[in-house]
Amino acid sequence: MIYRWKNIVKNSVPLLTICIVIEIMAGQILQGNQKQLLILPILLVSIPVINGVGGNIGSILGARLASGLHVGYIEYSIRDKNMHKNLAVILLIGTVAYAILAVLIYYISYLRDIEMDINILNFISIVLGSGVLLIITTSIVSVITAFLSFKKGLDPDDMVAPVVTTIGDTMGIIFLFLLIEVVGI
Amino acid sequence: MYVKEMVIQSLPLLIICGLGEIIAGSTLSGMTRMLEDIPGLIVVIPAIIALRGNISTAFASRLGSAYHLGIIDSDNMWNEELKQNIIGSLTLSLIMSIIIGTLAYISSIPLGVSPDPIKIVMIVVLAGIISGIILTLMTIIIVFLVFKKGYDPDNITGPALATFGDIITMLCILGAAIFVEVIL
């Protein structure tokens, strides 16, 4: 038998605990800004979307880099042309996805008749702005995690997703409130 | 030219996942009253959702490896290896849920918010365990179907679990919060 439940638990608890401590920090930022969120529930609709896409972009890039490093068409170098190309394309795809989803969130919330005392252009600027800042962050984290774990002999496939989603969740919420401050509601 | 291929394969998937997240977010936006009434509830939400994602994707990826190693397949699915994996995932859900509730309570005190510790821990444990059971079953069914078709589970289970997982977990948090508010 390969799997024993005690080993699964023992091996997972340390990394999961680190992830949870960081996620609780994200939760405390939400709690601190709860008034603003309750006044404008459309922001609550947007949070999982911003964080979800950010995590996906980082994970897709990480999986691509991991395959490239394993197979050998991406070199372990910060100057690697193929890595730069992957980075540029994934950032472009993420930006387009955020633009489409921002419009969808706005109109779905409009149809659901939830409180939304916010101009559509301001709303799109907030979602797109925090989204683009987030995918730049998750992409950089993804490249660093993939390269470092590859160098240390760990499988990047195991490392990138948890690291990217955890850092992404916290940074996504910080960028959202930053953009609310900058754009205004 | 892999640029075109990346756009064609990834963009639709991102939009579909985004639509799933809009459903999860809409559930959250429907909970405004409860978020006001239960201080500390909003603190645990990102942690439960992330925990669920991490445990179930790891579970699915172990099943994927077990498949590649020839330990399980669609004809020989319900064996001791799978049972050990199920017990491991559910035990992790229970332990980590208790840690989330406790950490959320402790970290709230210096910030001037005082949640009811019993309420918060109960909500996290209930939501963690129930979403854990549902997602474990769902993972097994998805992996079984993927085996049957002869696809590689590694390509499919991740995005599928990410999209459904967040919606199911958010609904479980809502259900657990309502239940705890009623009985306490």
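Tutor: Helix axes here are lines fitted to C-alpha atoms over the stretch in contact, and angles run from 0 to 180 degrees between N-to-C directions. The structure discussed below is a predicted model.

Student: At what angle do α3 and α6 of chain A pack?

Tutor: In chain A, α3 covers residues 42-71 and α6 covers residues 156-183. Their axes lie 8 Å apart. The packing angle between the two helices is about 150°.

Student: How many nonpolar, polar and charged residues make up the contact of α3(A) with α6(A)?

Tutor: α3(A) passes α6(A) in a right-handed crossing. From α3(A), the contact includes Gly54(A), Gly55(A), Gly58(A) and Gly62(A), and these meet residues of α6(A) including Gly168(A) and Gly172(A). Gly counts as polar in this classification. The contact divides into 12 nonpolar, 9 polar and 2 charged residues.

Student: How do α3(A) and α4(A) lie, roughly parallel or roughly antiparallel?

Tutor: The axes of α3(A) and α4(A) come within 10 Å and cross at roughly 160°. The cut-off for this class is an angle over 145 degrees. The crossing of these helices thus makes α3(A) and α4(A) roughly antiparallel.

Student: Is the crossing of α3(A) with α4(A) left-handed or right-handed?

Tutor: Residues of α3(A) in this contact include Val45(A), Val49(A), Val53(A) and Ile57(A). Among the partners in α4(A) are Leu87(A), Ile90(A), Ala97(A) and Leu101(A). By class, the contact has 15 nonpolar, 6 polar and 1 charged residues. The crossing itself is right-handed.

Student: What span does α5 of chain A reach from its first C-alpha to its last?

Tutor: α5(A) runs over residues 120-151 and has 32 residues. At 1.5 Å a residue, the expected value is 46 Å. Gly153(A), with a positive phi near 85°, follows this helix. From first C-alpha to last, α5(A) reaches 46 Å.

Student: Which residue just after α5 of chain B takes a positive phi?

Tutor: α5(B), residues 117-149, has 33 residues and reaches 47 Å, close to the 48 Å expected at 1.5 Å a residue. Just after α5(B), a positive phi of about 80° is taken by Gly150(B).

Student: How many helices and strands does the secondary structure of chain B come to?

Tutor: Read along the sequence, chain B follows the pattern α-α-α-α-α-α. Its C-alpha trace spans about 55 × 45 × 25 Å along the principal axes. In chain A, the elements likewise run α-α-α-α-α-α from the N terminus on, and its C-alpha atoms fill a box of roughly 55 × 45 × 25 Å. The secondary structure of chain B comes to 6 helices and 0 strands.

Student: Which helix gives the most residues to the side of chain A that touches chain B?

Tutor: The contact takes 50 residues from chain A and 51 residues from chain B. On the chain A side, α1, α2, α3, α4 and α6 each supply at least two residues. By class, this side has 35 nonpolar, 11 polar and 4 charged residues. With 17 residues, the helix that gives the most is α1(A).

Student: How are α6(A) and α3(B) directed, roughly parallel or roughly antiparallel?

Tutor: The axes of α6(A) and α3(B) are 11 Å apart and the helices pack at an angle of about 170°. That angle falls in the class over 145 degrees. The two helices are therefore roughly antiparallel.

Student: Which residues of α3(B) make the contact with α6(A)?

Tutor: By class, the contact of α6(A) with α3(B) has 4 nonpolar, 5 polar and 1 charged residues. On the α6(A) side it is made by Ala161(A), Pro162(A), Thr165(A), Thr166(A) and Asp169(A). On the α3(B) side it is made by Pro46(B), Ala50(B), Gly53(B), Asn54(B) and Thr57(B).

Student: Which element of chain B has the lowest mean pLDDT?

Tutor: Chain B averages a pLDDT of 91, and 99% of the residues score at least 70. For the complex, the predictor gives an ipTM of 0.92 and a pTM of 0.92. Among the elements of chain B, α4 (residues 80-108) has the highest mean pLDDT, 95. The lowest, 88, belongs to α6(B).

Methods: Residues numbered from 1 in each chain as written. Chains lettered and ligands numbered in written order. Predicted model: local features only at pLDDT ≥ 70, side-chain atom pairs only at ≥ 80, totals over all residues. Helix = DSSP H or I, 4+ residues; strand = E, 2+ residues; numbered from the N terminus. Left-handed = near helix turned anticlockwise from the far one by under 90°. Contact = placed C-beta atoms within 7 Å. pLDDT = per-residue confidence, 0-100. Parallel < 35°, antiparallel > 145°, perpendicular 65-115°, else oblique. Expected span 1.5 Å × (residues − 1).
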